[in-house]
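Please look through the structure shown here with its aromatic rings and its helix packing in mind. The paragraphs that follow take these two topics in turn.

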Amino acid sequence: MSALGRSTGDEDIHAHDRALMVNRHLEARGIVDAHVLAAMAQVPREAFISEPLSEFAYEDSPLPIAAGQTISQPYIVARMIELAEIRPGDIVLEVGAGSGYAAAVMSRIASSVYAIERHEELANLAREREARLGYHNLEIICGDGTKGWPDEAPFDAIVVSAGGPKVPEALKQQLAIGGRLVIPVGRDLQQTLVRVRRTGEATFEQEDHGGVTFVPLIGEEGWGVPEQAKAETNVDAETSGFANGLQIPSTRADGLRTSLSHVMASAAEPFGDLTELTALTERFAHHRVVLLGEATHGTAEFYDARARITEMLVARHGFNVVAVEADWPDASVYDSFVRDLPGPEVPAGAFTRFPAWMWRNGQVNDFLRRLKAINETISDPDRRAGFYGLDVYSLATSISAVLGYLDDVDPQTARVARERYGCLAPFRSDPARYGRMALSRGYAVCEKPVTDTLVDMLKQRLGYLARDGNAFFNAEQNARIVVAAEQYYRMMYYGSARSWNLRDQHMFDTLERVLEHRGPDSKAVVWAHNSHIGDAKFTEMGQVRGELNIGQLARARFGDDCTLIGFGTDCGTVAAASNWDEPMEIKRVRPARNDSYEGRARDAGIDAFLLEVGPEQKDSVREALAEPMLERAIGVIYRPETELLSHYFQAELSKQFDAWIWFTQTEAVSAEPQAHPHGPDDTYPFGL
């Protein structure tokens with residue numbers, strides 16, 4: 001495949017992604033200029049970033065490029081070009097060309113585009129890209145962009161892709177009469193997006209268009225030198241991370257942030273230990289489904305808090321389902337332990353694939369032992385709490401489980417299923433390869449065979465149930481996982497929203513099936529990341545990326561009979577990896593950003609508290625906590641050096657959750673970097 005993301009047949013495989021980007025990230029957020037939308041749909045953003053990042057090309061996020069710089073998020077590129085009112089026939093100047101992406105977009109509208117980049121490496125790479133794309137009305141030079149390009153002036157529009165302390169006078173003077181200059185201006189990490197319009201030889205009009213965060217504008221009429229920029233803005237102009245082009249709501253002033261901390265402090269219910277927290281959360285026990293989040297996948301306090309709340313719900317309020325963001329076959333091993341059931345065979349042991357530390361850690365070990373002890377006090381085995389995995393990743397293990405079940409109860413159907421599943425056999429160790437293969441062939445090679453296996457099992461449902469209802473339910477669920485996994489690994493190459501939605505829909509459907517299986521009086525506790533638990537409709541996930549999640553689906557299905565509880569922290573340590581499938585590390589969590597909910601919670605000055613933000617809370621608190629702000633999410637990967645891009649998204653806290661549990665200081669779960677830290681697979685962690 002070429003750098004432009006086209007197949008050998010010159011088919012543009014990213015055209016669909018660009019169309020989705022235009023629809024979801026641009027039109028849905030108010031970009032209306034037809035010239036801008038058409039140009040953004042034409043220019044291949046993947047050509048302007050490195051190959052490993054190409055799968056993120058059409059996410060609405062800045063991305064790293066050479067020289068420690070970034071390519072701006074698509075929305076901010078479109079927003080600035082729209083504000084510049086670029087039209088066919090215009091002559092345009094861009095200052096801070098970077099990768100050349102914005103200049104390329106403008107070249108699809110304007111007659112001529114001139115771009116200046118101070119990094120020679122970036123300027124050279126950008127010129128090569130434009131030549132390869134055949135964009136011949138675009139010229140890029142290396143120089144001080146704050147001085148403009150006098151030889152080609154006047155310009156109908158000037159777009160500055162870096163933040164300066166003021167509007168450079170040289171750029172204003174190079175505007176044609178009626179020309180527009182768009183530039184971020186400010187002396188802090190956050191700047192104001194300004195449009196200057198030249199109305200006469202010596203007259204200009206200026207408008208403000210909201211808050212943004214850009215790298216500093218370095219040059220004679222900017223910040224001078226990088227050291228000055230870093231000293232005065234606290235942003236390193238040479239290694240600025242991922243701040244380039246992030247748009248921030250303009251209402252987020254210092255006074256508002258301070259008042260929000262006061263609101264949190266006044267509404268917070270402090271707790272000194274987990275016994276006190278358990279008492280505070282018992283108010284939610286009347287719901288049928290209680291969803292408990294986590295702000296990271298590797299923090300001890302989150303696991304311990306969820307464990308204690310769950311134990312209270314099981315022991316005192318009849319909850320009999322613990323459903324977690326984990327693979328079904330592995331969770332079945334834990335379920336057998338806590339309910340004293342015959343153990344399923346998992347050849348490699350439970351939870352051995354990356355990230356093993358999520359469920360092979362000391363906190364989960366202690367919880368399972370306590371849950372088993374609680375179950376032993378419940379005389380009716382049907383009322384004992386089970387431990388269930390909701391996730392979709394266990395392709396190989398689920399295939400083995402289905403075949404093992406059918407071998408025992410229906411050898412003829414097992415032979416047919418083995419032939420059908422053979423389609424996926426070459427990909428069981430690396431299912432992502434199946435998605436790439438299906439994409440290249442242009443059709444779902446294995447979709448029908450795996451679906452037919454599930455259909456055959458359902459046709460024989462009554463006979464299988466008569467033998468052993470629990471065994472059939474387990475096998476049926478594994479067959480459904482194979483179907484969902486085939487779709488998931490195929491969909492992941494058609495955009496992250498589609499694969500995300502398939503996964504969360506599968507997890508929610510599994511929850512519903514477990515509740516139905518456990519009977520009409522069943523009640524469930526769900527453990528998953530905040531990103532799955534908090535209602536996606538009130539986050540950047542749903543509003544910008546078109547993603548749904550378990551919390552949103554639960555509210556739609558159960559209404560007032562469910563509650564969504566999120567978690568947050570400021571700093572400490574976390575168990576995470578630097579990249580997928582790499583060893584676990586104990587990483588230091590950076591203090592939360594001031595312009596985030598976590599920053600406001602820290603400044604409330606209470607070490608640990610419960611904050612109820614649901615319908616029972618007074619309107620003034622709910623309204624204040626509905627102000628869109630950044631929120632942090634750390635998964636199994638943590639990259640503190642790029643935290644703004646990698647781990648922050650926009651949310652409305654009081655609409656996203658019904659309650660929020662806060663720990664200022666947190667520590668990593670107790671787990672070891674190596675895969676099997678406590679002995680043989682078949683005994684860890686509780687000596688089955």
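Which residues form one aromatic cluster? The cluster consists of Tyr-303, Tyr-334, Phe-351, Trp-359, Phe-367, Phe-387 and Trp-527. The model is a predicted one, in which local features need pLDDT of at least 70 and side-chain atom pairs count only at pLDDT 80 or more, while totals for chains, interfaces and linings use all residues. Residues are numbered from 1 along each chain as its sequence is written, and side-chain values use heavy atoms, with hydrogens and water left out.

A pair of aromatic rings is described by the distance of the centres and the angle of the planes. Here rings of Phe, Tyr and Trp (for Trp, the six-membered ring) pair if their centres lie within 6.5 Å, and planes under 30 degrees apart count as stacked, over 60 as edge-to-face and the rest as tilted. By this rule the count comes to 18 aromatic pairs. In one of them, the ring centres of Phe-48 and Tyr-101 are 5.6 Å apart and the planes stand at 65 degrees, so the pair is edge-to-face. Because Phe-48 lies in the loop between helix H2 (34-42) and strand S1 (63-64), and Tyr-101 in helix H4 (residues 101-107), this pair ties together parts that are 53 residues apart in sequence; helices (H or I, at least four residues) and strands (E, at least two) are DSSP runs, numbered from the N terminus. Phe-48 and Tyr-101 are both buried, a term that means under 20% relative accessible area, with exposed over 50% and partly exposed in between (1.4 Å probe, protein chains only). Trp-660 and Trp-662 form a tilted pair, at 5.5 Å centre to centre and 35 degrees between the planes, and both of these residues are buried.

Tyr-101 also has a charge over its ring, since the charged end of Arg-45 sits 5.8 Å from the ring centre; the rule asks for NZ of Lys or CZ of Arg within 6 Å of the ring centre and within 35 degrees of the ring normal. Likewise, Lys-172 lies over the face of Phe-204, at 4.7 Å from the ring centre.Turning to helix packing, helix H11 (residues 328-339) and helix H12 (residues 362-376) pack at an angle of about 40 degrees with their axes 8 Å apart, where axes are lines fitted to C-alpha atoms, for helices over the stretch in contact, and angles run from 0 to 180 degrees between N-to-C directions. H11 and H12 are therefore oblique to each other, as angles under 35 degrees count as roughly parallel, over 145 as roughly antiparallel, 65 to 115 as roughly perpendicular and the rest as oblique.
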